[in-house]
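The following paragraphs lead the reader through a protein model, beginning with the chain as a whole and ending with one pair of its elements. Please keep the sequence and the structure in view while reading.

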Amino acid sequence: ALAGELNIEWNSLFLPMAGFGVLIPLQIVLGTSAYRHDTVSEAMLYCAYAMLCFLSGQTLLRSSQARKIAVIFAAYGFTIAAFALVQGVAPNGKLYWLRQPSMGGWIYGPYVNHNHYAGLMELLVPVPLVVSLSRLAGDKERIAAGIAAAIMVGTVFLSGSRGGMIAIFVELMVFAVILLRQRVELVRQKKGLQILVIVAAFAVVLVSMLTWLGGKDLTSRVASISTETHTELSGGMRLSIDRDALRMFRNKPVLGWGLGSFPVVYPQFRSFYTNFFVNEAHNDYLQLLCEMGLLGFGMMLWFLVALYRAALPKIRNWMSDVSGAVTLACILGVTGILVHSVLDFNLQIPANAAIFYVLCTTAAAKPL
């Protein structure tokens, strides 16, 4: 800037995002949107996400900046989790003990829907988790990060979100596999004992918190995962919505019904009676197919392929490399919420979607 030059850092995600962005005005111009107002509103929101991605790609260019954003995300996640714990111990059915949701809900933390709280934690948990097992912080900071991660994971289980539990389990399993692949290096550098201590602290805090605060309600909620899955597969409401959404997609398979138009169009395809207003598909992938058709879905696949192709080579030396550690934390969080998106609509929630796009941009950026 001082030299009078404007340097723009390119990111491999910009092109598929631009392609997706072109489809939205195309829906408006061609008149394929079932409700132009909602499509325009969602287009403005998408532009906000795009600007956020662009700014992230231009500012997070140094190791010091990456460390700062990691600290901010970890502190933010822990603060929200701590608030959720306090509110969970003394609930009164209101947000922040003050506001009664107009349409009801299952409140947890600052979210009306407990599944969306779980989605936020899925995005943020990997940040302190990766910090706790990398060599980019001191021993005390790493133990503190491990405890923070355990508390954040614990609140996902205490929230009662079954989709969140599955997503967190997937994240932890992927991280465990990556750790096992590093075992030779850990033995060579004699770091295995430190890692074991941090993992033990993580497990003790997590199990203690769940035992103390979860009790029988948590046990029954976890045990109901398989039962609920069987119910949904044999004709639950989510499966019915999925079937209806597929019929919607078949009616407009190329460009879809228009971004943001799902709640307007869905009632004419609904195959069951309910008093509830079905405003989302409870499956981000199916909703994308309905609203943006095969062209929009193809842009999403391009986005994800570009993301993982750019991110995976950078995580090889994550334990000692800032860029690798940040990328690993980002890609774990993204993977978790992508799993959860099969069962819920976290990416329709702006607070979660904004963090998702920032993590994607950071993971796909050039090495620091």
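In this protein chain, 76% of the contacts with a separation of 6 or more are made by residues 24 or more positions apart. The model in which these contacts were computed is a predicted one.

The secondary structure consists of 14 helices and zero strands. Followed along the sequence, the chain accordingly reads as α-α-α-α-α-α-α-α-α-α-α-α-α-α. Of the 368 residues in the protein chain, 51% are buried. The accessible surface amounts to about 18,200 Å², and carbon and sulfur atoms contribute 67% of that area.

Attention may now turn to one helix pair. Helix 1 spans residues 14-30 and helix 2 spans residues 36-59; their axes lie 10 Å apart and the two pack at an angle of about 160 degrees. Angles over 145 degrees count as roughly antiparallel, and helix 1 and helix 2 are therefore roughly antiparallel to each other. The crossing of helix 1 past helix 2 is left-handed.

Which residues make the contact between the two helices? Helix 1 contributes Phe14, Met17, Phe20, Gly21, Ile24, Gln27 and Ile28. From helix 2 come Arg36, Thr39, Val40, Ala43, Tyr46, Ala50, Cys53, Phe54 and Gln58. By residue class, the contact of helix 1 with helix 2 comprises 11 nonpolar residues, four polar residues and one charged residue.

Terms used. Residues are numbered from 1 along each chain as its sequence is written. This is a predicted model: local features need pLDDT of at least 70, side-chain atom pairs count only at pLDDT 80 or more; totals for chains, interfaces and linings use all residues. Side-chain values use heavy atoms; hydrogens and water are left out. Axes are lines fitted to C-alpha atoms, for helices over the stretch in contact, and angles run from 0 to 180 degrees between N-to-C directions. Helices (H or I, at least four residues) and strands (E, at least two) are DSSP runs, numbered from the N terminus. Angles under 35 degrees count as roughly parallel, over 145 as roughly antiparallel, 65 to 115 as roughly perpendicular and the rest as oblique. A crossing is left-handed if the near helix is turned anticlockwise from the far one by less than a right angle, and right-handed if clockwise. Contact means heavy atoms within 4.5 Å. Ala, Val, Leu, Ile, Met, Phe, Trp, Tyr, Cys and Pro count as nonpolar, Asp, Glu, Lys and Arg as charged, and the others, Gly among them, as polar. Buried means under 20% relative accessible area, exposed over 50%, partly exposed in between (1.4 Å probe, protein chains only). Accessible areas come from the Shrake-Rupley method with a 1.4 Å probe; for residues, only the protein chains shown count as cover.
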